[in-house]
Amino acid sequence: MFVGDKLHDHNALRLAAHERRYAFINSEVAIPSDLITKLKDFQIAIPSWALGTGGTRFGRFSGGGEPRNLEEKIADVGLLHALNQTSGAISLHIPWDSTTNPTAIKALAAQHGLAFDAVNSNTFQDQANQALSYKFGSLQHVDAAVRKQAVQHNIEVIQQGIDLGSKSLTVWLSDGSCFPGQLNFRKAYERTVDSLKEIYAALPGDWNLFLEYKAYEPNFYSTTVGDWGQSYSMVNKLGEKAFTLVDLGHHLPNANIEQIVSLLLMEGKLGGFHFNDSKYGDDDLTAGSIKPYQLFLIFNELVDGMDAKGMNHAKDLGWMIDASHNVKDPLEDLLQSVEAIQMAYAQALLVDRTALEAARNANDVVACQEILQTAFRTDVRSLVAQARLELGGALDPMALFRDLGIRNQLIQQRGAKTQATGL
Ligand code: LRH
Ligand code: MN
């Protein structure tokens with residue numbers, strides 16, 4: 001699916017209007033000189049399991065043209081990256097994306113300008129050829145044989161990641177309980193930590209382990225890695241290569257996620273993100289579609305906390321999307337998420353931190369809010385578009401995706417009833 005020359009015509013048609021908008025914001029707002037460079041360096045990893053239509057237990061309504069294998073998933077992420085030049089990595093999920101030819105897969109990804117971000121293990125489903133069931137958990141399981149099977153799976157996932165050039169393993173455990181009394185919380189915690197220690201010991205020196213927490217689902221009474229505190233306490237017991245991963249949809253209602261981010265960053269135990277949005281539970285909706293101000297506040301703490309530690313914004317944390325598309329075209333949904341994340345980052349880079357600290361030290365609460373909301377209320381779309389333009393991307397990726405009729409082309413190529421592996 002070649003975007004090339006169509007992209008040039010697309011930009012040519014829109015350049016004059018873009019330059020007017022870009023000149024206007026530069027005349028109105030003090031844009032930090034390195035802001036565009038930071039946006040260009042800020043690559044967001046696309047989840048391999050979110051390239052098809054998602055669903056719920058009540059139904060799944062496929063849109064057609066979905067990737068039928070890993071090669072087509074890489075092509076789809078390559079397409080997104082060709083359009084916005086800021087989706088330069090793919091995060092795989094094993095065994096959904098297992099490959100017998102990592103060399104060929106690595107070469108194909110390189111052709112699309114894609115790197116491999118964190119690989120994800122899966123001990124929340126029973127695979128056809130699996131000896132022991134994870135019905136009652138995996139790393140927490142009362143049966144040592146089940147724990148051993150789960151540890152072995154994670155070690156195999158690390159090996160597949162090594163073959164592809166990934167540098168981190170994400171462990172999300174559905175482990176927990178559905179009823180009071182079902183689980184000895186203390187023993188489940190200890191078995192999970194002991195199992196994680198075996199996985200941690202298998203990590204190459206230059207790898208990280210991300211431990212993702214989640215409040216509930218599929219267990220509905222307790223989750224063994226259920227919140228930031230449980231994940232943080234476990235990764236501290238593992239070692240310096242273990243960090244907590246924050247999936248925005250994994251919190252109880254009204255949790256102050258930006259404060260959690262600030263603390264984990266300060267403690268040097270924030271590993272990365274699964275960006276999405278939600279109104280109620282783990283809804284896995286488009287990033288910035290429900291609570292865009294929260295996404296901005298999270299990036300506000302990220303910029304402050306990373307600068308306080310002299311961290312490299314683009315490289316020192318894992319920037320990944322984790323979404324599921326029940327009613328939107330998966331690729332359009334992902335284009336919207338990448339745009340929303342880039343916009344929140346751009347707005348956070350516009351916050352006048354000197355003035356903010358001065359207002360905080362003066363307990364001038366009103367001024368604090370004014371300074372933050374001035375940045376949030378700044379239309380940064382031309383800044384994000386300028387970064388794309390300088391990277392060779394489209395000024396309006398969504399319009400080009402639609403003008404090219406890409407979904408119809410994919411349906412022609414792959415069929416209307418194809419179903420991608422994933423959730
Ligand atoms: C769990 C989760 C986890 C993935 C899965 C696809 O809800 O967020 O990150 O393994 O979704
Ligand atoms: Mn997730």
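## Tyr345 and its neighbours

In this predicted model, Tyr345 touches Lys38, Leu39, Phe42, Phe299, Val303 and His313 once you set aside its neighbours within four places in sequence; contact here means heavy atoms within 4.5 Å. Tyr345 sits in helix α10, residues 330-349. Helices are DSSP runs of H or I with at least four residues, strands are E runs of at least two, and both are numbered from the N terminus.

Is Tyr345 buried or exposed? Its relative accessibility is 1%, so Tyr345 counts as buried (buried is under 20% relative accessible area, exposed over 50%, partly exposed in between, with a 1.4 Å probe and protein chains only). Gly161, 184 residues away in sequence, has its C-alpha 29 Å from that of Tyr345.

Back at Phe299, its contacts beyond four places in sequence are Phe42, Phe275, Trp319, Ile341, Ala344, Tyr345 and Ala348.

## Out on helix α1

Now for a residue in another helix: Phe24 is found in α1, residues 4-28. Phe24 has a relative accessible area of 54%, so Phe24 is exposed. Phe24 and Val3 are 21 residues apart along the chain, with 29 Å between their C-alpha atoms.

## The whole protein

Overall, the protein has 15 helices and 13 strands, and 54% of its 423 residues count as buried. The C-alpha trace spans about 65 × 60 × 40 Å along its principal axes. Among contacts with a separation of 6 or more, 80% are between residues 24 or more positions apart.

As for charge, there are 37 positive and 49 negative side chains, and the centres of the two sets lie 4 Å apart. Lys and Arg count as positive, Asp and Glu as negative, while His and the chain ends are left out; each charge is placed at NZ of Lys, CZ of Arg, CG of Asp or CD of Glu.

## Ground rules

Residues are numbered from 1 along each chain as its sequence is written, and side-chain values use heavy atoms, without hydrogens or water. Local features need pLDDT of at least 70 and side-chain atom pairs count only at pLDDT 80 or more, but totals for chains, interfaces and linings use all residues.

Definitions and conventions:
Chains lettered and ligands numbered in written order.
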